[in-house]
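Visitor: I'd like to learn how to read a few features off a model like this one. Could you walk me through it?

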Amino acid sequence: MVWRTSESGLWVRLCVLGLLVLVLPGCQSFLPNFWSRVLTLSWDSYTHQYMTEQAILNVTMETLKNLPRHHHSGSENHAGLGRGFWHAVGEVVRSNADMDFANYAKLDPVYHFDSERVDTAMEMLREFWNQTVLLVKAKEYQGARHSLGQLFHSLQDFYSHSNWVEMGQKGIYQHLLNPRAPAVPTASEEVATCAECHGFICKNNILKVMLNPNIPLLTTGYFSDYPIKPPGKCSHGGVLDSSRHQGAQGGINKDSTSPFFSPHHYLHAEAAKLATTATLTVLQELRNAVEPTTFLRLFSVRQPPALVFVIDTTGSMFEEISAARWRAYSIIQARRQDSSYALPGTFLLVPFHDPQVGPVYETDDPEQFLRYLEDLTALGGGDEPEMCFTAIQLALTNSPPLSEIFVFTDASAKDRHLYNSVKALTLEKQSKVTFLLTEDTRRRMRKRRETLSPDRFSLYTSLASVSGGLTVFTSDKDIAKVSAIVQDSTTANKVTLLHVESDADSECSHSFQVDGSMRNITLHLAGDLTDCTLHSPDGHSQPLLGSPGHLAELESLQGLYRVTLLPPIEQGQWHVTAKARGNVTFSVIGDSGLDFLYYFATEANETHPGLSRVEGSPIAGVPVFLVLAVTGLSPAQKASFSHVALMGSGGEHLQNVTLNSTSTWWASEQELVGRIAAVPREPFCVHLFGRDGHGSTLERVSSEMIHPTHVQIQVLSSSRLVPGHTSSVAFEVWNHGPARSFSLSAEDDHGYLSPSGPYSFHIGERASFSREVVLKTPHKAAAGEAVTLTLMVRARDSVDANYAVVHLTVIPQDKDRSPPSCSAMRVEEACPTGEQCPLGNWSVSLAVKDRGHSGLAAVQLSQGEGTLLLLHHHHRGSHHGPREGHHGHRAIEGSPHEAQGLGRDRMVVGEPPLNVTSWVGGRPVRLGYVSACCAPTAELVVWDRAGNSRRCHLVSPRQQRAIQDQPARSKASDQQPAHSCQVMSLVMLLSSLLATGTV
């Protein structure tokens, strides 16, 4: 880790990290990502991120090497895999890490192979595999990457959390994903698995009966307070695991090289090696299951950008359709002559008019795409407006991330209500939308069904601005030549050097930096210029609107000025000054392998230390981390990057953010992180600065505009879609501003929502509001179908808005064999000592959910002297925060209050099961149990609609303490308090690190 700090600053940072160790409440898997190594002071730990990246990279290079020579250029340099590849890898990595951060997964032992939930975890692992293969074969690659990341996380955790390594196993456990492979039984609940261990380092604490070479037994460590750890069982262990104090004390996890967090840290490398081998094996088997070329498409390996056309097909669009055909043919011919492509890429066409939109024509065959275009005819219509945003929405949901979408139309949008949903999808996919508008009053008079505003194209302009695209107002005469921007923008390795917008009727000046890796530099100036001059780094200038010059060649068209720099292109800083009538957009692009990807993240200090990606727009005025990956650097290239500048839409400088390298000897790309002390309140883009090996300046720009906000929407849980069943997505809206009203809308691309809104509600100052939406999947829905759900929230009194995008999958309606699960959320007690136990009570709240697709059916209290309660307030609209909000809305689900139809909402032993089918509808249910202290145990039974059941055991905190081994409790008095021991050990470790120069 390289930090640009003074020696005193280093000590401050180490002290802060030491304090973080003491306050972090839990950690239960291989460390999620690079930042976890910082928080745990274990610089040489293998993380989920590293193992996943390296496995994908290795199998990808192996696959390319084995392709026929005509499919690839023969280069084995991973720098040439393309920006799309690293974006795809990042999606898998973040899905993997989300298992440690997401509310639905971070505390569930099944997702992490904890608490001896081996059989259930294996079932889930195989479900992830089947879902991944299904989605890849259906060409739903984004959903497949998400499922693959989840699979990798659980698979990797098995080797860290189980005793597989301690058994002396040198190979991976094949039975995890292959039911026909030999299985190792899991220790039953009554079998003790661990001996006592009272230090941070635990050696030989797994009982010998577990490691018998003839009849070995599997175990995994118990973590935290639930499920309750039986006496003699192994704990996960580490300073963040509260179960480590219960007998048998200690732990067995191998998550890191730090003894503070991993009692078996000395076996970390062996566990990581097996986890990596298992990850490699899954990727190789996936490649065999779907064929090598499909495997490469899954990771967007060396593919050109997708060619995506959204075309208005009304009768006035003949010239535009002809221009799109000709441009597509030109692009396809150019790509055939480029040997750097391993695959031809994706081609997508969405025609539209009113009321018909689509169908979506998608293919990997360029000849088929040309046939689709040939079949387009400009007929009918002739009136305005048209269903443009519906078509763009279809293009976004069906195209890969980082796509450039080109919209050909001469009409405004009838479906303006979809603008926020389309904007959210554009930002989530990091795609650009460019509009080629050919309104020409001299040749056409569209019938208009309504009075149209003069700014009827303003939403097009806004969407192009947010996404980093262009809006070009041109004519039929020039559309064929204007469409050259499609070819300019969709070549491989296209990077942005400048993207700014200038106000109306103003003189402006902007600069861009050309480095030695750049070639084919083009300026697109969209607007109506009255004067424009180009200045080279050596002081020469050329008036672009005058006679031809030696610096650049100008093609002047209606609405667009296309400027091409002439070779040899001088390196250094170029300037362009201009005057215009109205607004003008400056975009400078060129060819270079060097580019970057980025995302915003917050420090997650809950169950797993690390950086958790911010979904949607960042919150204005608060600190956030910027994580940036530089792509396209070969191992031989020397480059360093010092900072990014956050720039306003007009090119004004807002603030600098210093970057620190997270790269170490094993990094596959240059990853950087910077801390933004306070997110600007104005919209901004990210401008990267660095230097190459010769000291020359490097600059790259990400053209999309980030709109900071004061409202946040967070998805709490989501379920898979099953034909004929109802599913739900729970979410929470946080208001980071004053008390006010909000509107919420939801859209999905298949019409499964019931209903979709919009809805209004009030949230107090710095408070939150929880809700859920319900989707009804029809019986005819096909397995493997991907459904994109977009949630949008907007303040009614300001521009504050945010979004969340959820990718859902329709799974086959196979027989549900997965029993429900119980997870304790909170355990409390107020029990007096001695014989006064009837005067006190203890309580536990539980989340009960169905792991299959049939939904919960019934619950019953089978043992215990207390009362089981059905808690109602959690699932409908609920407020959280210092100020209670006002309920002024209707339920998104459109169903009555929870208690209606139940007949009762509490039970005691001896009463029949309570039917919850009609109430929960496939959602998790929250239960509470309250009992006198004299009855410290209880048991409840939960059934799903397929007949699967689960017995959930409840134990009071006092009873948990009572069942701990007496020797362990007697020794506790001789030990220092846990926090003192941790502080002393931490100081010793830091001293050792500093003395050896490790830090």
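**Strands, a helix and salt bridges**

Guide: Let's begin with a strand pair: six bridges join β14 to strand β15 (residues 560-565), and the two run antiparallel. Strands here are DSSP runs of E, at least two residues, and helices are runs of H or I, at least four residues, numbered from the N terminus. Two strands pair if DSSP finds at least two bridges between them. One example: Leu557 has Leu560 of β15 as its bridge partner.

Visitor: Before we go on, what should I know about the model itself?

Guide: It's predicted, so local features need pLDDT of at least 70 and side-chain atom pairs count only at pLDDT 80 or more, while totals for chains, interfaces and linings use all residues. Residues are numbered from 1 along each chain as its sequence is written, and side-chain values use heavy atoms, with hydrogens and water left out.

Visitor: In what order do the strands of the open sheet run?

Guide: The order is β9-β17-β11-β15-β14, five strands with antiparallel pairing. At the edges sit β9 (494-502) and β14 (552-557), each pairing on one side only.

Visitor: How do I check the length of helix α9?

Guide: The expected span of a helix is 1.5 Å times one less than its number of residues. The 19 residues of α9 (residues 318-336) should therefore span 27 Å, and the end C-alpha atoms are 28 Å apart, which agrees.

Visitor: Which elements do the buried residues of α9 pack against?

Guide: Buried means under 20% relative accessible area, exposed over 50%, and partly exposed in between (1.4 Å probe, protein chains only). Contact means heavy atoms within 4.5 Å. The buried residues of α9, including Ile321, Arg325 and Ile332, pack against partners including β1 (307-312), β2 (347-352) and α10 (366-374).

Visitor: How many salt bridges does the structure hold?

Guide: A salt bridge puts a side-chain nitrogen of Lys or Arg within 4 Å of a carboxyl oxygen of Asp or Glu. The structure holds 19. One of them joins Glu127 to Arg720, with the closest N and O atoms 3.2 Å apart. Glu127 lies in helix α5 (residues 118-137) and Arg720 in the loop between β27 (711-718) and β28 (726-735), so the pair ties together parts 593 residues apart in sequence.

Visitor: Is Glu127 buried or partly exposed?

Guide: Glu127 counts as partly exposed, at 24% relative accessibility, and Arg720 counts as partly exposed at 28%. Elsewhere, Lys432 bridges to Glu404; Lys432 is buried at 18% relative accessible area, and Glu404 is buried at 12%.
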